[in-house]
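Please keep the structure on the screen while I talk.

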Amino acid sequence: MAKIIVNDNSQEVTLPLTVNGLISLNGVEQPDMVSVQINGEFIERENFSTTEIKDGDTVDFLYFMGGGR
Amino acid sequence: MYDFTEEELQRYSRHILLKDVGVEGQEKINNAKVLVIGAGGLGSPVILYLAAAGIGHIGIIDGDVVDLSNLQRQIIHTTKDVNYSKALSAKEKVNAINPHVKVTVYQDFLRAENAMDIIKDYDFVVDGTDNFPVKFLINDACVKAGKPFSHGGILRFEGQTFTYVPGHSCYRCIFNAPPPKDSVPTCSQAGVLGAIAGMLGTIQAAETLKYFTGVGELLTDKLLIFNAKTMDFRKISVKRREKCPVCGENPTITELIDYEQAACDLQNH
């Protein structure tokens with residue numbers, strides 16, 4: 001088990017796990033809509049399937065918000 | 001030098017009393033030129049507070065007319081303004097609040113073709129729009145023109161904002177490109193709690209005033225996200241992205257783009 005932090009909440013996950021794996025583990029409804037930062041660095045979308053999560057990582061899911069009027 | 005009259009000294013006395021603002025800071029506010037894009041949910045509180053604060057010149061761009069369903073959150077408009085131009089309605093409220101403010105109205109929407117020409121006259125831009133094509137257009141135009149801007153987005157019970165200052169992370173550093181058409185609901189499709197627009201819009205107005213007075217730290221390289229259901233506020237540090245298509249090392253976006261808008265959205269505008 002590895003301990004990571006996702007959006008300020010600690011989470012225990014089983015490695016190996018890719019960014020895509022973590023997205024589906026967290027039940028993100030629209031994966032197209034999320035930007036992912038690991039330890040303060042943005043992960044390019046084309047690398048979601050190859051980037052591995054490591055023990056102690058801090059992950060942020062940032063969602064599009066388009067309203068305003 | 002801005003020459004304050006007695007009336008103005010009294011009007012702005014609560015700003016002038018602030019040690020961090022003072023007469024000097026108020027003078028900066030009075031000399032500032034701000035473009036507010038969209039006179040809707042976010043634009044309403046932004047325009048009202050900037051007018052009250054005495055921003056010297058406010059540009060308001062909105063090609064829409066007031067709809068009855070807008071009044072739940074677009075507090076600059078009143079029931080008698082239904083079917084009237086949003087930009088003109090907003091201008092009238094500004095004049096009523098503060099006759100010292102110069103207002104320029106554009107009864108139009110921001111597009112790739114007019115963006116640079118409109119933005120060039122202003123020192124700071126506020127995004128009060130409700131769709132991704134324009135949010136990306138504002139970002140790209142401001143990055144190219146070297147203009148700071150405040151980004152704002154709201155949905156249901158949530159809001160997000162950050163302040164772009166040239167040389168720091170931009171909207172595309174965080175969100176590379178607009179989401180696929182139809183994949184993200186906007187207020188007209190998903191709904192929004194009216195007061196959320198006020199919460200986020202007042203944050204944008206405060207950031208604008210902080211920018212001109214130099215008070216405190218801006219939301220630069222930081223994305224502020226809040227959820228009004230739990231009143232959780234998160235501030236996430238973001239970094240400029242080398243591969244950013246507009247502000248990165250090898251920008252691939254050299255011309256402004258009018259992205260296609262979801263069709264169901266267009267019917268609501």
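Predicted model: local features only at pLDDT ≥ 70, side-chain atom pairs only at ≥ 80, totals over all residues.

Let me begin with chain B, where, among contacts between residues at least 6 apart in sequence, 70% join residues at least 24 apart; two residues are in contact here if their C-beta atoms, placed from the backbone, lie within 7 Å. Residues are numbered from 1 along each chain as its sequence is written, and chains are lettered from A and ligands numbered from 1 in the order in which they are written.

Staying with chain B, we find eleven helices and eight strands, helices (H or I, at least four residues) and strands (E, at least two) being DSSP runs numbered from the N terminus. Of its 269 residues, 47% count as buried; a residue is buried if 20 or more other C-beta atoms lie within 10 Å of its own, exposed if 12 or fewer, and partly exposed in between, with C-beta atoms placed from the backbone. A compact globule of 269 residues would have a radius of gyration near 18 Å, and chain B, with 18 Å, agrees with that; the radius is taken over C-alpha atoms, and the globule rule is 2.2 Å times the number of residues to the power 0.38. The C-alpha atoms of chain B fill a box of roughly 55 × 45 × 40 Å along the principal axes.

Now to the sheet of chain B. Eight strands form an open sheet with mixed pairing, in the order β3-β2-β1-β4-β5-β6-β7-β8, where two strands pair if DSSP finds at least two bridges between them. At the edges lie β3 (102-106) and β8 (232-237) of chain B, each of which pairs on one side only. On average, and with direction ignored, neighbouring strands of this sheet are turned by 15° against each other; axes are lines fitted to C-alpha atoms, for helices over the stretch in contact, and angles run from 0 to 180 degrees between N-to-C directions.

Helix α7 (residues 132-145) of chain B touches β1 (33-37), β4 (124-127), β5 (149-155) and β6 (158-164) of chain B, and its direction makes about 165° with that of β4(B).

Two local details of chain B deserve a moment. B:H15 is placed in helix α2 (residues 13-16) of chain B, and it counts as partly exposed because it has 19 C-beta neighbours inside 10 Å. Leaving aside neighbours within four places in sequence, B:H15 is in contact with B:V21, B:G25, B:Q26 and B:A53; its C-alpha atom is separated by 6.8 Å from that of B:Q26, eleven residues apart along the chain. The other detail is that α10 (residues 194-213) of chain B is followed by B:G214, whose phi is positive, near 70°.

Strand β1 (residues 2-6) of chain A runs antiparallel to β2(A), joined to it by five bridges, and A:A2 stands opposite A:V13.

Finally, how many residues does each chain bring to the contact? Chain B gives 35 residues and chain A gives 18 residues. On the side of chain B that touches chain A, α7, β5, β6, α8 (171-174) and β8 of chain B each supply at least two residues, and the largest share, four residues, comes from β5(B).
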